Amino acid sequence: MEHVLTPLECLLPTGNLKYCLLILNQPLDRNHFHHLWSKEALGICSWFRSPERGFSCCMFTEILEEGLADIFRALLKACADGGANRLYDVTEGERESFLPEYISGDFDSIRPEVKEYYKVKGCELVSTPDQDYTDFTKCLQVLQKKIMGKDLQVDLIVTLGGLAGRFDQIMASVETLFHATTITPVPVIIIQADSLICLLQPGKHKLHVDTGFEGDWCGLVPVGHPCKQVTTTGLKWNLTNSVLMFGTLVSTSNTYDGSGVVTVETDHPLIWTMGIKDESRK
Amino acid sequence: MEHVLTPLECLLPTGNLKYCLLILNQPLDRNHFHHLWSKALLKACADGGANRLYDVTEGERESFLPEYISGDFDSIRPEVKEYYKVKGCELVSTPDQDYTDFTKCLQVLQKKIMEKDLQVDLIVTLGGLAGRFDQIMASVETLFHATTITPVPVIIIQADSLICLLQPGKHKLHVDTGFEGDWCGLVPVGHPCKQVTTTGLKWNLTNSVLMFGTLVSTSNTYDGSGVVTVETDHPLIWTMGIKDESRK
C-alpha cells in the first residue's frame, strides 16, 4: 500500500485539505502563519462558507466576516505551552480573532498574562504535567482525544515550530514524530522557517512536490536506525536499494528532477525534509 | 579506555587547551567568538563562513584573518573572497559534491595539522546547528565522518547549544567550567543504543535502551557533581546548553 502525501498542501490558498494546527514555542513565522490564516485568499473565504465541506482545520483569516466567525469556533487549533506566547505576540491588535481551542502543557513557559488572557477568552487550558513526555507529544495526545470526541475527519496535523533553538529540543521534535504513530493515525508534519520535516514509515510513499511552494532542497535522513534498502524516484540524486545511515550516507542538499513527484521506498522509518520557498522572494 | 573531555573548556579564559577553530555559514555568536578566536591555533572558514567572519569583524578585520577558507565557493561573497585573498589567506577549492563544505574543511584542517606537526586537543566548530534542517543533519553526519578524517575530537557550538559525538565505550565529561547551561541530552542519532549507562545526570540511565521511538534523553540536567559519565554501545550524540553570556 502506497502512502500519498502532498507535504506543502496546507499552504495552498484553495483546496479541501482538512488539517489541525499545533503551535510550539518557537518564533512564529509570519509567512506561514499568514498562509495558513491567509487574508488574501478569497478562495479560503468562499471555501469556508461551503457548508458541505467538513473541516477540522485551523485556518484564520485576518478579515473575519461575521458568518465565518461562527465557523471558526468549530475549528481545532492548539498551542503547546509557550506556543501561546508566540501566538499572543504575533496576533497583537487582533487577538480575539485568533483564539486557540486549547493550550496544553506543564505551563512552565507560558507567560502569566498570556495564560490569563486566553483563559478569560474561553480557551481550554489542559494541564499535562507528565515529565516523561514533551509538551508537543502531550499536545498531540490531547488533540487526538478531541478529534475523536468531535468525530472529526482530519487529513493532516500541521505543527509550527520545533526545528530551531536548543538542539535537544529539535531532537525531541523528531522523537515526537516517532511517537505520533502510536498517538494518532493522522500524519504529522512540522514546519519552521524554510524547513519541513515528516516521518516516512517503512513502505512506499508518493510525495507530490508541485504545489509551487517547494524550495530548492530536500533530503532523507535515517535518524533513528540505519535504512538498508531505500529506493527513490523524482530526486536529482536518486537511491536504488541503497543504504542510508549516519556514518555512511545521509541524503542532504538533494533536489528535484522536475517531475513534480518523489517516490520513496524504505525498510525503516526515514525523515523526509524539504525546503519551503521564502515568501518574500516569490 | 575512558575518553575524557571537558566540552566547554574552550570557553575558559585561562588554560592551555590547544584547539583549532572552524567557522561555518551560520550567524556567528559574538559571545563566544572573540574569545575563541584569540586562543585558537588555527582558524578556518568553510565557504560562506567567511561572510559571517567578515561581517562580524567589521572595523577590525585585519585582526581576524583565517589561515584558510575552503569550499566550493558558491556561498562566499565575491568581495569577501577578494578581501581575504588580498590579505594572504589561503583559498582552498574543494569542489567535491559528495561531501559538505564542513567535511571538506575538516579534511584540509587535518592536512595542515599534520604538515605543521601541531599538537591539537580539540576542533571547535562554530555554526551548523540552525537553519535548514537538512544542513543541521549534515553537521551531525560530519561528526560521524570526522572519526575517519582526524583523531582529534570535534565539537560543534551554535547559540546556546553544543553537540559532540561519543564513540562506543566509556566517557567522562567534566561539566564544571561554569559555562554549562541548565540542560543536556543524549541522542541516539543513527543507530539504536542497546546499553547506555550514565552517572552525573538528574535522570540517569542504567543499561538502558536509547532509541528513536522508544527513549531519547532530552531536557535532562545535572546532579551537581560536576562530572557526567556515559558508557554506550553505539555512537551517541552528547548535547548540552551553554550559559547565555548576557545573563551571567
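**Chains A and B of a predicted model**

Q: In chain A, how many of the contacts between residues at least 6 apart in sequence join residues at least 24 apart?
A: The share is 70%, where contact means heavy atoms within 4.5 Å. This is a predicted model, in which local features need pLDDT of at least 70, side-chain atom pairs count only at pLDDT 80 or more, and totals for chains, interfaces and linings use all residues; side-chain values use heavy atoms, without hydrogens and water. Residues are numbered from 1 along each chain as its sequence is written, with chains lettered from A and ligands numbered from 1 in the order in which they are written.

Q: What helices and strands does chain A have?
A: Chain A has seven helices and 15 strands; these are DSSP runs numbered from the N terminus (helices H or I, at least four residues; strands E, at least two).

Q: How much of chain A is buried?
A: Of its 282 residues, 57% are buried, meaning under 20% relative accessible area (1.4 Å probe, protein chains only).

Q: And helix H4 of chain A, which residues are buried there?
A: They are A:Gly83, A:Ala84, A:Asn85, A:Leu87, A:Tyr88 and A:Val90. That is six of the eight residues in H4 (residues 83-90), so the helix is mostly covered.

Q: Turning to chain B, in what order do the five strands of the open sheet run?
A: The order is S1-S9-S14-S11-S12, with mixed pairing; two strands pair if DSSP finds at least two bridges between them. The edge strands of chain B, S1 (2-5) and S12 (208-210), each pair on one side only.

Q: In what sense do S1 and S9 of chain B pair?
A: S1(B) and S9(B) (residues 169-174) pair in the parallel sense over four bridges. B:His3 has B:His171 in S9(B) as its bridge partner.

Key: Buried < 20%, exposed > 50% of the residue type's maximum accessible area, 1.4 Å probe, protein only.
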